[in-house]
Amino acid sequence: MSQDNPAAQTGTSRVKRGMAEMLKGGVIMDVIDAEQARIAEDAGAVAVMALERVPADIRKDGGVARMSDPDMIDGIIAAVSIPVMAKARIGHIVEAKVLQALGVDYIDESEVLTPADESHHITKSDFIVPFVCGATNLGEALRRINEGAAMIRSKGEAGTGNVVEAVRHIRTIKGEIARLRNLPKEELFSEAKNLQAPYELVAEVAATGQLPVVLFTAGGIATPADAALMMELGADGVFVGSGIFKSGDPVKRAKAIVDATTNWDNPDVVGKVSRGLGEAMVGINIDTLPASERYAGRGW
Amino acid sequence: MVTKTKTVGVLALQGDVREHAKMLSDLGVAVTLVKKATDLSSLDGLVIPGGESTTISMLINRANLMQPLRDFIKAEKAVYGSCAGMILLSDQLLDGRTDQETIGGIDITVRRNAFGRQVDSFEKEIDLGPIGISKFMAVFIRAPLVEKVGGQVEIIAALPNTAQDSRIVMVQQGNLLATSFHPELTGDNRIHKYFVSLL
């Protein structure tokens, strides 16, 4: 490409953020092998997230969760034609470089894996491949965007099958954006300090009423109605992790969650696709999770 | 002189629907989001946005929209597709899913993801000579390319090439327009303005 087309620029902010724009209204599914990836693509997923264990199993097995085996990622890339994302540990610059070299389409610097750095995230603007990062509130989202994230997902609490944290986080981010929009200009400076985010990004959000990047949601979505709820609350799309492949009938549930995301504003459709799905994944009550086992608190 | 406001639909099953809708409404066009067949009635034109073409193709079938969309094109309404929209308007598709259906309408053969993966996505200024637009910032994201065109198809833009392949990135056939790039991601509405002139 570069020899015969010298003025073409790769890795620009528009190209990275634009990739996320193309995923809007869609479902991104966690998969652990080529067969699951094909099920996801057949169901209408807009992308798959390649990882070694779904969050529910990471919780169960314990230990350190790391970037997936490159062979496994290659297998998934070969199996489907839709975009393939993969997770790197927070702050693990080299895992991210390896994933970029493997040709993944998006990197998730993810709290679901065990953090590699407890103070610093990856400088994502240094990469050609775009990054998505989790956030529980607006300040965290803007810090990640300042580091170069081209897409944000609200964190929720992965691997629980419980949507309550996903709702809390998207409501928090949306609420904080609405509040910024109504603040007098002179108050934006101290608000930037409160949010621990750069003033320029705070002022931009206040002016436009939205994040400068696409906002998906994740962490605990297990049913078609859960996915539709997240769209109702203003998410641009959803990530579904353990919710599909830890359920009784993944093929049917995957398709149902895609249909509910497209038709979130039509309860007749959401109701119809919710029938006969078999068992949903067993959920975990967040109140019973010790603080050390909550992933949403990882990342700073 | 009073002219009736034109109404354009944006296929709203998945993808960057909002960006197209905003460009169109900024041009003074009324915009309808299309999710089912009845949404197509009384439209003067339609935009098929960027997105994941395999997903959009499945969702068109699940919404029973495939035949109504083909009828809409047969009625010679103006239709514009960007990226996934170009794929969906092509008569022949390469590197799609084996079961991937297109709406068709433009006599072209399109290769999906023709430039490679996301790390190969790029932006580049190009000229659209035949429609009098120069220096247009074209944003290519996992973009398709037109590999063959039929006799009725006008080539509006191609990337400079040294090899034999033609790298066609914008075509028009009658009232049907397609780009393999995303004008809706730039602030530049000249292509949308041209499309509105076809209504």
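Exposed means over 50% relative accessible area, buried under 20%, and partly exposed in between (1.4 Å probe, protein chains only). The model is predicted: local features need pLDDT of at least 70, side-chain atom pairs count only at pLDDT 80 or more, and totals for chains, interfaces and linings use all residues. Residues are numbered from 1 along each chain as its sequence is written, chains are lettered from A and ligands numbered from 1 in the order in which they are written, and side-chain values use heavy atoms, with hydrogens and water left out.

**Helix 8 of chain A**

- Helices (H or I, at least four residues) and strands (E, at least two) are DSSP runs, numbered from the N terminus.
- Helix 8 covers residues 188–195, and its buried residues are A:Leu188, A:Glu191, A:Ala192 and A:Leu195.
- Seen down the helix axis, these buried residues fall within an arc of 105°, so they line one face of helix 8; the arc is that of the directions from the axis to the C-beta atoms.
- An α-helix has 3.6 residues a turn, so residues three or four places apart point the same way.
- The buried residues of helix 8 pack against helix 6 (138–146), helix 7 (164–181) and helix 9 (199–208) of chain A.
- After helix 8 comes A:Gln196, with a positive phi near 55°.

**Aromatic rings**

- Rings of Phe, Tyr and Trp (its six-membered ring) pair if their centres lie within 6.5 Å; planes under 30 degrees apart count as stacked, over 60 as edge-to-face and the rest as tilted.
- Over all chains, 9 aromatic pairs are counted.
- One of them is the edge-to-face pair of A:Phe216 and A:Phe239, at 5.7 Å centre to centre with 70° between the planes.
- A:Phe216 lies in strand 8 (residues 214–217) and A:Phe239 in strand 9 (residues 238–240) of chain A, so the pair ties together parts 23 residues apart in sequence.
- Both A:Phe216 and A:Phe239 are buried.
- B:Phe115 and B:Phe122 also pair edge-to-face, with 5.2 Å between centres and 75° between planes, and both are buried.
- A cluster of ring pairs links B:Phe115, B:Phe122, B:Phe136, B:Phe140 and B:Phe181.

**Salt bridges**

- A salt bridge is a side-chain nitrogen of Lys or Arg within 4 Å of a carboxyl oxygen of Asp or Glu.
- The count over all chains is 33 salt bridges.
- One of them joins A:Asp108 and A:Lys87 at 2.9 Å, N to O.
- A:Asp108 is in strand 5 (residues 106–110) and A:Lys87 in strand 4 (residues 84–89) of chain A, 21 residues apart; both residues are buried.
- A:Arg89 and A:Glu95 form a salt bridge at 2.8 Å, N to O, and both are buried.

**Interface of chain A and chain B**

- Contact means heavy atoms within 4.5 Å, and 45 residues of chain A are in contact with 39 residues of chain B.
- The two chains bury about 3400 Å² between them, 51% of it on carbon and sulfur atoms; buried area is the accessible area (1.4 Å probe) that two parts lose on being put together, summed over both.
- Across this interface there are 9 salt bridges.
- A:Asp105 and B:Arg142 form a salt bridge, their closest N and O atoms 3.0 Å apart.
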